[in-house]
Amino acid sequence: MGSEAPRTRWAALARDTNETKIQLALNLDGGDFPPDTDARLISETDAHASQASKSQTISINTGIGFLDHMLHALAKHAGWSLAIACKGDLHIDDHHTAEDVCIALGYAFGKALGSAAGLARFGSAYAPLDEALSRAVVDLSNRPFSVVELGLKREKIGDLSCEMIPHCIDSFAQAARITVHVDCLRGFNDHHRAESAFKALAVAVKAATSRVAGKEGEVPSTKGTLSV
């Protein structure tokens with residue numbers, strides 16, 4: 001008797017508020033997007049960060065170039081297919097757009113992931129970028145928490161406030177209901193510090209969400225549950 005095929009880990013959502021209007025589609029294992037993906041995403045042609053390969057499709061346009069760059073790195077190295085379009089109140093500042101996009105991504109991640117049964121649960125990774133080196137540790141804990149220490153010194157990188165960069169990781173962790181620790185261990189270039197952090201987070205998330213052969217259906221917890 002053959003085993004059942006693994007569930008497709010994908011999600012699509014729209015999140016509209018008075019501050020931002022977001023459409024998002026995510027497949028944690030790369031490949032196609034869900035059938036209910038917003039048509040506005042599929043027709044997006046001016047994404048600031050886009051890349052297509054046989055295993056992944058990435059298209060990100062938040063209106064903030066450096067945020068697009070970081071989310072592109074996150075998706076690429078986590079192995080996701082990810083499409084995001086956001087129209088936000090950038091005439092005020094970058095806060096609502098950056099925060100809301102990462103909240104939406106966290107919600108989509110949690111929806112796509114579903115149960116942690118059969119998964120590694122924990123993941124850790126180091127990622128360098130030239131002189132910068134970052135470490136990320138992830139737990140699919142269902143207990144949202146984050147500690148993010150990047151040591152950024154500039155006020156902004158491109159149009160993204162440096163204070164928003166750790167807040168973006170925290171917003172993702174809170175909405176995804178995971179525990180995340182990210183530290184930049186060294187580096188003098190803030191672009192490199194931030195990018196190495198997102199790449200480390202991506203590789204750690206990929207490890208944590210990987211399926212473990214022979215552990216199908218098993219909850220990776222001594223409690224027997226990862227629910228609240």
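Let's start with a pair of side chains: Asp 139 and Arg 121 meet in a salt bridge, 2.6 Å from N to O. By salt bridge I mean a side-chain nitrogen of Lys or Arg within 4 Å of a carboxyl oxygen of Asp or Glu. The two residues sit in distant parts of the chain, 18 residues apart: Asp 139 is in strand S7 (residues 132–139), and Arg 121 is in the loop between helix H3 (95–113) and strand S6 (122–129). For those labels, helices (H or I, at least four residues) and strands (E, at least two) are DSSP runs, numbered from the N terminus.

Are these two partners buried or exposed? Asp 139 counts as buried at 11% relative accessibility, and Arg 121 counts as buried at 9%. The cut-offs are under 20% relative accessible area for buried, over 50% for exposed, and partly exposed in between, with a 1.4 Å probe and protein chains only.

A word on where this comes from: it is a predicted model, local features need pLDDT of at least 70, side-chain atom pairs count only at pLDDT 80 or more, and totals for chains, interfaces and linings use all residues. Residues are numbered from 1 along each chain as its sequence is written, and side-chain values use heavy atoms, with hydrogens and water left out.

Back to the charges. How many salt bridges does a search of the whole structure find? The search finds seven. One of them joins Arg 211 to Asp 29, with the closest N and O atoms 3.8 Å apart. Arg 211 lies in the segment after helix H5 (190–208) and Asp 29 in the loop between strand S2 (20–27) and helix H1 (39–42), so this pair ties together parts that are 182 residues apart in sequence. Arg 211 is partly exposed at 40% relative accessibility, and Asp 29 is partly exposed too, at 38%. Arg 9 joins in as well: Arg 9, Asp 29 and Arg 211 are linked in a network of salt bridges.

One more pair for you: Glu 195 and Lys 199 meet in a salt bridge at 3.0 Å, N to O. Both lie in H5, four residues apart, which is about one turn of the helix. Glu 195 is buried with a relative accessible area of 9%, and Lys 199 is buried with 17%.

Now the sheets. Here is a quick reminder: strands of a sheet pair through backbone hydrogen bonds, either parallel or antiparallel. In what follows, two strands pair if DSSP finds at least two bridges between them.

S1 and S2 pair in the antiparallel sense over seven bridges, and Ala 12 has Ala 25 in S2 as its bridge partner.

Ten of the 14 residues in H2 are buried, among them Phe 66, Met 70 and His 72. Just after H2, Gly 79 takes a positive phi of about 85°.

In H3, 14 of the 19 residues are buried, so the helix is largely enclosed by the rest of the structure. Gly 114 follows H3, again with a positive phi, near 65°.

The other open sheet has four strands, in the order S6-S7-S11-S8, and its pairing is mixed. S6 and S8 (145–149) are the edge strands, and neighbours are turned by 10° on average, direction ignored. S7 pairs with S11 (residues 179–186) in the antiparallel sense over seven bridges, with Asp 183 in S11 as the bridge partner of Arg 135.

Finally, the helices over that sheet: H4 (residues 164–176) lies across S8 and S11, at about 165° to S8, while H5 lies across S6, S7 and S11, at about 150° to S6. Thanks, everyone!

Note on methods. Axes are lines fitted to C-alpha atoms, for helices over the stretch in contact, and angles run from 0 to 180 degrees between N-to-C directions. Contact means heavy atoms within 4.5 Å.
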